[in-house]
Amino acid sequence: FKYRRGEAPRVVDHPLEDIKKILSVIGIDTFTRLRDTTLLLFSLDSGIRPSEALGLFPADIDSRLRRAAIRAAIAKARQGRTVFFSQPTADLLDRLLEVRPWDGSVPVFCTSSGDVWQTSRWTTQLRRYAIKAGLKRFSPYDLRHQFALQALRNGMDVFSLQRSMGHSTLSMTEKYLALADDDVQAA
């Protein structure tokens with residue numbers, strides 16, 4: 001039997017306080033915590049898919065220009081694109097790349113032993129942080145949804161958002177934009 005979703009899409013809209021709670025639980029005092037904090041902020045800033053973020057190499061990131069190149073080989077739609085991020089995230093990326101003992105052949109967001117970090121592991125780790133922060137639900141894709149909502153709320157047009165998220169159709173981008181009643185009322 002096929003699973004049939006409800007008519008109303010699930011609104012993924014975490015208050016800023018929830019994100020701050022998770023960040024306070026993670027910290028940056030070890031390599032893995034620095035990696036996790038950086039990945040969380042990078043995902044929230046850029047709207048990148050978790051698998052794409054975990055496939056980035058140091059050469060893909062330009063922290064001076066605050067952008068990352070998503071190569072076609074790691075993009076879900078097999079079409080490369082560029083994502084952008086904030087200066088605080090760029091600073092954390094620089095710090096992460098500085099403390100890593102590996103060369104450029106190891107992904108930016110790797111395990112503490114320099115191996116490829118799997119998306120399922122990042123999902124599990126983020127959920128553990130959420131539980132420690134007292135939250136019921138939080139996933140890497142929630143960060144992508146949150147990015148889409150914040151971009152729209154901050155005035156980004158839907159076509160730029162579509163491109164930034166790497167969607168081939170606008171209807172796919174719409175699935176990320178399930179607005180809360182407060183958004184509709186404000187509009």
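Here is a short chat about how some labels in this predicted model are reached.

User: What describes the way α2 and α4 meet?
Analyst: Two packed helices are described by the angle between their axes and the distance between the axes. For helix α2 (residues 31–46) and helix α4 (residues 87–99), the axes come within 9 Å and cross at roughly 145 degrees. The crossing of α2 past α4 is left-handed.

User: Which residues make that contact?
Analyst: On the α2 side you'll find F31, L34, R35, T37, T38, L41, F42 and D45, and on the α4 side T89, L92, L93, R95, L96 and V99. By type, they split into 8 nonpolar, 3 polar and 3 charged residues.

User: Why is the F42 and F109 pair called tilted?
Analyst: Planes under 30 degrees apart count as stacked and those over 60 as edge-to-face, with the rest being tilted. The planes of F42 and F109 are 40 degrees apart, so the pair lands in the tilted group. The centres are 6.0 Å apart, and rings pair if their centres lie within 6.5 Å, so F42 and F109 do count as a pair.

User: What makes the F42 and F109 pair a tie between parts of the chain?
Analyst: F42 lies in helix α2, while F109 lies in the loop between α4 and α5 (119–132), so the pair ties together parts that are 67 residues apart in sequence. Both F42 and F109 are buried. Together with F85, they form one aromatic cluster. A search of the whole structure turns up 4 aromatic pairs.

User: Why is W122 called buried?
Analyst: Buried means under 20% relative accessible area. W122 has 1%, so it is buried. W122 is in helix α5. Leaving out residues up to four places away in sequence, W122 touches D36, L39, L40, P50, L54, W117, P140 and L143. One of these, P140, is 18 residues from W122 along the chain, with 7.4 Å between their C-alpha atoms.

User: What makes phi of R66 and R78 worth a look?
Analyst: Most residues other than glycine have a negative phi. Phi of R66 is near 55 degrees, a positive value, and phi of R78 is near 60 degrees, also positive. R66 is in the loop between β1 (61–62) and β2 (67–70), and R78 is in the loop between β2 and β3 (81–84).

User: Why is R78 called exposed but R66 partly exposed?
Analyst: Exposed means over 50%, and R78 has a relative accessible area of 54%, so R78 is exposed. R66 has 35%, which is between the cut-offs of 20% and 50%, so R66 is partly exposed.

Methods
Residues numbered from 1 in each chain as written. Predicted model: local features only at pLDDT ≥ 70, side-chain atom pairs only at ≥ 80, totals over all residues. Heavy atoms only, no water. Axes fitted to C-alpha atoms, helices over the stretch in contact; angles between N-to-C directions. Helix = DSSP H or I, 4+ residues; strand = E, 2+ residues; numbered from the N terminus. Left-handed = near helix turned anticlockwise from the far one by under 90°. Contact = heavy atoms within 4.5 Å. Nonpolar A, V, L, I, M, F, W, Y, C, P; charged D, E, K, R; others polar. Buried < 20%, exposed > 50% of the residue type's maximum accessible area, 1.4 Å probe, protein only.
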